[in-house]
Amino acid sequence: MSRRTSYGSPGGDAHDRPQRPWYSSSVPEKSMRAVFKSSPLSLLAASLAAGLGVYFSDYPFHLHALQWFALAPLLYILLAGTQRTGWIILAGALYGGLTGLMAVHLNAGPIGAAVMILYQAVWGVMLLVVFHALFTLSGRGPAAALLFPLLVVITDSLSQKIFMMWGTAQSFSRVQSACPFVIQVAALAGQAGAAFLVAHANLF
């Protein structure tokens with residue numbers, strides 16, 4: 001009589017038994033990569049880095065190359081991780097508020113600078129929350145990531161129309177005025193085209 005080799009039978013060998021998938025509840029711990037992507041601290045740290053990167057790319061530092069990749073870590077966590085809406089709101093406020101720090105270098109006064117920082121924080125929240133929601137609803141496919149540069153263009157345009165404090169200098173792509181290539185893009189596609197290009201570069 002041949003012995004039974006089905007899973008769970010007395011005669012079955014260990015190598016004959018089907019393996020449970022990695023996401024099974026039998027796995028006690030997540031990988032470090034999964035923990036990193038799902039950690040609120042990682043999200044906030046990426047938001048801090050993104051906000052400071054955009055801040056230092058602007059006046060008076062003019063490190064405009066930073067804007068091409070400053071948002072990349074933040075987008076990586078948003079695209080690959082699972083974050084709660086509350087943490088995304090906080091991350092958006094942190095990122096947006098830091099991008100508005102340029103106001104302290106202008107002649108806007110303390111109140112004007114505070115208003116602009118708060119205003120940018122609100123738009124940062126809207127950008128990240130809406131993007132994350134739409135990306136999740138669309139099935140998290142690669143093409144859905146293009147929603148981010150589209151939302152940057154939309155929020156950038158609305159921001160200038162609703163409350164224009166700096167004029168065209170309020171544009172997301174304003175810091176790229178020192179980059180001849182982006183100037184050529186803006187000449188053909190306007191500020192929207194330049195903003196889309198810079199935002200899209202952060203996805204890679």
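Reply: What follows is a walk through one loop, and then through the parts around it.

A word on the source. This is a predicted model. The protein has 204 residues, and 39% of them count as buried. It has seven helices and zero strands. Read from the N terminus, the elements run α-α-α-α-α-α-α.

Begin with the backbone. Most residues other than glycine have a negative phi, and most peptide bonds are trans. The bond that joins Y59 and P60 is a cis peptide bond, with omega at about 5°. H62 has a positive phi of about 60°, although H62 is not a glycine.

Next, the side chains. Which residue does D58 meet in a salt bridge? The partner is R174, with 2.6 Å from N to O. Side chains of opposite charge can pair when their charged atoms come close. A salt bridge needs a side-chain nitrogen of Lys or Arg within 4 Å of a carboxyl oxygen of Asp or Glu. At 2.6 Å, the pair of D58 and R174 meets that limit, so it counts. A search of the whole structure finds one salt bridge.

Look at where the two partners come from.

D58 is at 7%, so D58 counts as buried. R174 is at 16%, so R174 counts as buried as well.

The C-alpha atoms of A178 and H64 are separated by 7.7 Å, although the two residues are 114 residues apart along the chain. A178 belongs to the loop between helix 6 and helix 7. The cut-off for exposed is over 50%. A178 is at 54%, so A178 counts as exposed.

Now step back to helix 2, where F56 has its place. F56 and Q67 are eleven residues apart in sequence. In space, they are 8.6 Å apart, C-alpha to C-alpha. F56 has 31% relative accessibility, which falls between the two cut-offs, so F56 counts as partly exposed.

Turn to the rest of the protein. Rolling a probe the size of a water molecule over the atoms shows where empty space is left. A search of the whole structure finds one cavity of 30 Å³ or more. About 280 Å³ of space lies in the largest cavity. Its lining has 19 residues, and Y95, T99, Q120, D156 and F172 lie nearest the centre. Helix 4 (85-99), helix 5 (109-137) and helix 6 (147-162) each give two or more residues to that lining. The lining divides into seven nonpolar, nine polar and three charged residues.

Stay with helix 5, which holds V125. V125 is buried, because its relative accessible area is 18%.

I111, V115, I154, L158, I162 and F163 make a nonpolar surface patch of about 560 Å². Helix 5 and helix 6 each give two or more residues to the patch. Helix 6 gives the most, with three residues. I154 sits in helix 6. At 45% relative accessibility, I154 counts as partly exposed.

Note on methods. Residues are numbered from 1 along each chain as its sequence is written. This is a predicted model: local features need pLDDT of at least 70, side-chain atom pairs count only at pLDDT 80 or more; totals for chains, interfaces and linings use all residues. Side-chain values use heavy atoms; hydrogens and water are left out. On a 1 Å grid over the protein atoms alone, a cavity is a set of points where a 1.4 Å probe fits but cannot get out, and a pocket is an open set with protein on both sides within 12 Å along at least five of seven lines; lining residues have an atom within 4 Å of a point. Grid points are joined across faces, edges and corners, and a volume is the space filled by probe spheres set on the points. Helices (H or I, at least four residues) and strands (E, at least two) are DSSP runs, numbered from the N terminus. Ala, Val, Leu, Ile, Met, Phe, Trp, Tyr, Cys and Pro count as nonpolar, Asp, Glu, Lys and Arg as charged, and the others, Gly among them, as polar. Patches are made of residues with over 30% relative accessible area and no salt bridge: like charges are joined within 9 Å, nonpolar side chains (Val, Leu, Ile, Met, Phe, Trp, Tyr) within 5 Å. Accessible areas come from the Shrake-Rupley method with a 1.4 Å probe; for residues, only the protein chains shown count as cover. Buried means under 20% relative accessible area, exposed over 50%, partly exposed in between (1.4 Å probe, protein chains only).
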